[in-house]
Amino acid sequence: MSATPEPIRRPGAGEGTVLAFDFGTRKIGVAVGNTTVRLAHPLTTIRSEATAVRFAAIAALLDEWRPDALVVGRPTHADGVAHETTARAERFARQLEGRYGLPVARVDERLTTRAAGDALVASGVRGHARKAAQDEVAAQIILQTYLDDPAAGLTPAAREAPDESA
């Protein structure tokens with residue numbers, strides 16, 4: 001019996017690179033990982049509110065990393081109820097699918113920003129350095145959730161669930 005776990009197999013995704021995004025209206029944290037070794041790493045933070053700037057940065061990352069799939073964090077209230085940013089993150093995910101033709105999984109991202117901040121503080125990262133890295137570490141947590149649990153990517157039915165906050 002092999003000590004190495006089998007790679008995750010998902011329809012539409014190869015055994016390879018995955019990029020994840022922690023969507024925000026001012027910043028988007030980005031992480032990179034691999035479905036074979038199942039490890040996620042913080043990559044960068046895109047700091048812009050301008051759609052054209054954001055997608056130019058994303059296109060450059062896609063060109064550099066050549067991912068097989070993408071992951072977008074799906075923010076909700078602590079009780080799982082959708083809110084305005086949930087709809088914006090879902091729109092962002094659909095734009096990624098449409099622009100780049102890659103499969104885009106959605107992963108529940110409740111409390112990832114707080115967990116990222118806590119992890120950075122525990123690692124001795126404080127002040128401006130913590131704030132600068134927090135979004136990409138949150139994206140790392142989102143991606144690691146996806147890599148750890150093949151069922152973590154939300155199903156189409158879950159993505160289509162009505163916005164209960166409306």
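The paragraphs below go through this predicted model from its overall layout to individual residues.

The protein chain has 166 residues, of which 43% are buried. Its secondary structure comes to five helices and five strands. In sequence order these elements give the pattern β-β-β-α-β-α-β-α-α-α. Among the contacts between residues at least 6 apart in sequence, 66% link residues that are at least 24 apart.

Strand β3 covers residues 39-47, and Thr45 belongs to this strand. Thr45 has a relative accessible area of 9%, and because that is under the 20% cut-off, the residue counts as buried. Leaving aside residues up to four places away in sequence, Thr45 touches Lys27, Ile28, Gly29, Ala132, Asp135 and Glu136. Strand β2 spans residues 27-34, and helix α4 spans residues 127-148. With Glu136, Thr45 also forms a polar contact between side chains, at 2.9 Å.

His41 is another residue of strand β3. The relative accessible area of His41 is 44%; this value lies between the 20% and 50% cut-offs, so His41 is classed as partly exposed. Its contacts, again not counting residues up to four places away in sequence, are with Ala31, Val32 and Gln140. The C-alpha atom of His41 is 8.5 Å from that of Leu143, although the two residues are 102 positions apart along the chain.

Helix α4 also packs against helix α3, which runs over residues 112-122. The angle between the two helices is about 120°, and their axes are 8 Å apart. The crossing of α3 past α4 is right-handed. On the α3 side, the contact is made by Thr112, Thr113, Ala115, Ala116, Gly117, Leu120 and Val121. On the α4 side, the residues are Arg130, Ala133, Gln134, Val137, Ala138, Ile141 and Ile142. By type, the residues of this contact are nine nonpolar, four polar and one charged.

The remaining residues discussed here lie in loops. Most residues other than glycine have a negative phi. Arg38 has a positive phi, near 60°, and is not a glycine. Arg38 sits in the loop between β2 and β3. With a relative accessible area of 23%, Arg38 is partly exposed.

Arg66 likewise has a positive phi, of about 50°, without being a glycine. Its loop connects α1 (51-65) and β4 (69-74). Is Arg66 buried or exposed? Its relative accessible area is 57%, and since this is over 50%, Arg66 counts as exposed.

Pro103 is placed in the loop between α2 (84-100) and β5 (104-108). A relative accessible area of 29% makes Pro103 partly exposed. Which residue has its C-alpha atom 5.2 Å from that of Pro103? The residue is Ala69, 34 residues away along the chain. Strand β4 covers residues 69-74.

How values were computed. Residues are numbered from 1 along each chain as its sequence is written. This is a predicted model: local features need pLDDT of at least 70, side-chain atom pairs count only at pLDDT 80 or more; totals for chains, interfaces and linings use all residues. Side-chain values use heavy atoms; hydrogens and water are left out. Helices (H or I, at least four residues) and strands (E, at least two) are DSSP runs, numbered from the N terminus. Buried means under 20% relative accessible area, exposed over 50%, partly exposed in between (1.4 Å probe, protein chains only). A polar contact is a pair of N or O atoms within 3.5 Å; within protein, one must be able to donate a hydrogen and the other to accept it, and residues adjacent in sequence count only if both atoms are side-chain atoms. Contact means heavy atoms within 4.5 Å. Axes are lines fitted to C-alpha atoms, for helices over the stretch in contact, and angles run from 0 to 180 degrees between N-to-C directions. A crossing is left-handed if the near helix is turned anticlockwise from the far one by less than a right angle, and right-handed if clockwise. Ala, Val, Leu, Ile, Met, Phe, Trp, Tyr, Cys and Pro count as nonpolar, Asp, Glu, Lys and Arg as charged, and the others, Gly among them, as polar.
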